[in-house]
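Please read this report alongside the sequence and the coordinates. It moves from the whole chain to single residues.

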Amino acid sequence: YRKYRSKTFATIIGQNQIIQTLNNAITHDRLAHAYIFSGPRGTGKTSTARILAKTLNCNTDLNPDQCEPNCLCKRIESGQSMDIIEMDAASNTGVDHIRILNDQVNYTPVECKTKIYIIDEAHMLSSGAFNALLKTVEEPPKNTLFILATTEPHKIPATIHSRCQHLQFQKISIPDIMKQIAIICDAESISITETGQRIIAQNADGCMRDAISLLDQIYAYKGHTITEEDILFILGAANIDSLITIIEKLTEPSPQDLMTELNKVFDSGINPHHFIQELLALYQSIVQLHISPDTPAQLDPDRQSILIRIAKQWSNHHHFNIIESIAQLESGLRFFPK
């Protein structure tokens with residue numbers, strides 16, 4: 001994921017509204033003096049902060065990918081610029097760390113036009129640290145920009161919130177993750193089916209970093225040719241056909257057939273917690289198909305047609321009862337060791 005980290009605004013995936021906002025602010029010279037970048041992990045918050053730093057400080061008008069090796073943006077990208085300060089709030093939580101920052105913030109930039117402070121996991125700062133940061137964020141020196149990146153914006157005090165412009169990053173969609181996986185696989189000469197890409201994307205839960213890390217793990221295990229079975233083995237997950245069969249058995253009167261199928265799944269070493277989560281996600285798709293049959297396909301046509309048949313077979317009330325039972329089972333499993 002470090003190799004394929006986005007390096008320009010154009011390569012940030014799934015955050016079009018944020019990129020447009022920042023591009024317009026740069027074009028019209030309307031940048032705020034402090035931003036909060038919030039959203040789930042692996043959605044591009046820190047990458048966007050670094051790209052913003054490069055865009056504001058690059059010495060050339062070229063695309064950063066076309067800059068010379070000694071260009072300022074290359075030093076920013078490698079973390080060698082002394083005017084782009086990244087601080088991990090998880091390990092620098094105390095007020096003393098912020099006091100040091102406050103002392104340094106008044107020095108003018110050495111090589112950049114704009115000095116930028118990127119505070120990662122900003123919600124981890126102590127209340128004393130936030131209080132110490134408050135005045136600096138409210139009235140930073142000229143040509144200084146603060147970016148607070150966080151997965152938990154509700155933990156940042158309202159006094160800080162009110163002094164920052166808040167940009168909310170969204171989970172990355174499954175099609176966008178699949179598209180990026182396909183690009184990486186093409187660049188690395190990795191053979192993987194579209195269904196395999198979809199399994200990885202679905203298990204990433206909207207996090208591009210998790211998707212690429214999982215692909216890397218599977219590649220380390222299997223090499224250049226990756227099958228759906230390889231992915232499911234690494235995930236400890238059930239085959240989609242097994243899940244569909246179990247859902248079909250749920251609608252049949254014979255509990256013995258259902259138990260036989262469940263025993264097959266668990267005898268193969270599937271993680272029960274992961275299995276229930278996948279079963280719940282698949283049945284949510286069935287409910288969605290029952291409500292809106294024209295929902296875009298998430299599976300291949302044959303499997304999709306089976307889900308549509310199951311969706312039409314029962315009433316909404318019946319489907320909601322099943323999904324509620326699966327959800328209760330998932331909740332109950334949390335109290336058992338994995």
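**Overall build**

This is a predicted model. The chain carries 15 helices and 7 strands. Its C-alpha trace spans about 75 × 45 × 35 Å along the principal axes. There are 338 residues, and 43% of them count as buried.

Take the contacts between residues at least 6 apart in sequence: 74% of them join residues at least 24 apart.

The accessible surface comes to about 17,900 Å². Carbon and sulfur atoms account for 51% of that surface. As for charge, the chain has 30 positive and 38 negative side chains. The centres of these two sets lie 6 Å apart.

**The second largest pocket**

The second largest pocket holds about 500 Å³ of space. Its lining is made up of 27 residues. Nearest its centre lie R5, G42, G44, S47 and R209.

Which elements each supply at least two residues of this lining? They are α2, β2 (84-88), β3 (115-120) and α9 (208-222). Helix α2 gives the most, with 4 residues.

**L52 in helix α2**

Helix α2 covers residues 45-57 and includes L52. L52 is buried, with a relative accessible area of 0%. Leaving out residues up to four places away in sequence, L52 touches F9, L22, I26, L31, L145 and I147.

**Helix α10 and E228**

Helix α10 spans residues 228-235, and E228 lies in it. The buried residues of α10 are E228, D230, I231, L232 and L235. What do these buried residues pack against? Their partners are β6 (191-192), α8 (194-204), α9, β7 (225-226), α13 (272-291) and α14 (301-313).

Why does E228 count as buried? Its relative accessible area is 19%, and buried means under 20%. Beyond residues up to four places away in sequence, E228 touches T193, T195, G196, I199 and R303. Just after α10, G236 takes a positive phi of about 65°.

Most residues other than glycine have a negative phi. D29 has a phi near 55°, a positive value in a residue other than glycine. D29 sits in the loop between α1 (16-27) and β1 (34-38). With a relative accessible area of 69%, D29 is exposed.

E121 also is not a glycine, and its phi is positive at about 50°. The loop between β3 and α5 (127-138) holds E121. E121 is partly exposed, at a relative accessible area of 26%.

H319 belongs to helix α15, residues 316-333. Is H319 buried or exposed? H319 counts as buried, at 0% relative accessibility. Setting aside neighbours within four places in sequence, H319 is in contact with Y283, I286, V287, H290, I310, A311 and W314.

D216 is found in helix α9. At 46% relative accessibility, D216 counts as partly exposed. D216 and D176 are 40 residues apart in sequence, and their C-alpha atoms are 18 Å apart in space.

**Accessibility side by side**

The table collects the residues discussed above.

| Residue | Relative accessible area | Class |
|---|---|---|
| L52 | 0% | buried |
| H319 | 0% | buried |
| E228 | 19% | buried |
| E121 | 26% | partly exposed |
| D216 | 46% | partly exposed |
| D29 | 69% | exposed |

The classes follow from two cut-offs, so each row can be checked directly: buried is under 20% and exposed is over 50%, with partly exposed in between. E228, at 19%, is therefore in the buried class.

**In brief**

The chain has 15 helices and 7 strands. Helix α2 holds the buried L52 and gives the most to the lining of the second largest pocket. In α10, E228 is among the buried residues. Two residues in loops, D29 and E121, have a positive phi without being glycine.

Methods. Residues numbered from 1 in each chain as written. Predicted model: local features only at pLDDT ≥ 70, side-chain atom pairs only at ≥ 80, totals over all residues. Heavy atoms only, no water. Buried < 20%, exposed > 50% of the residue type's maximum accessible area, 1.4 Å probe, protein only. Contact = heavy atoms within 4.5 Å. Areas by Shrake-Rupley, 256 points an atom, 1.4 Å probe, with all protein chains shown as cover. Lys, Arg positive; Asp, Glu negative; His and termini not counted. Charge placed at Lys NZ, Arg CZ, Asp CG, Glu CD. 1 Å grid on protein atoms, 1.4 Å probe; cavity = no way out; pocket = protein on both sides within 12 Å on 5 of 7 lines; lining within 4 Å. Points joined across faces, edges and corners; volume = space filled by probe spheres on them.
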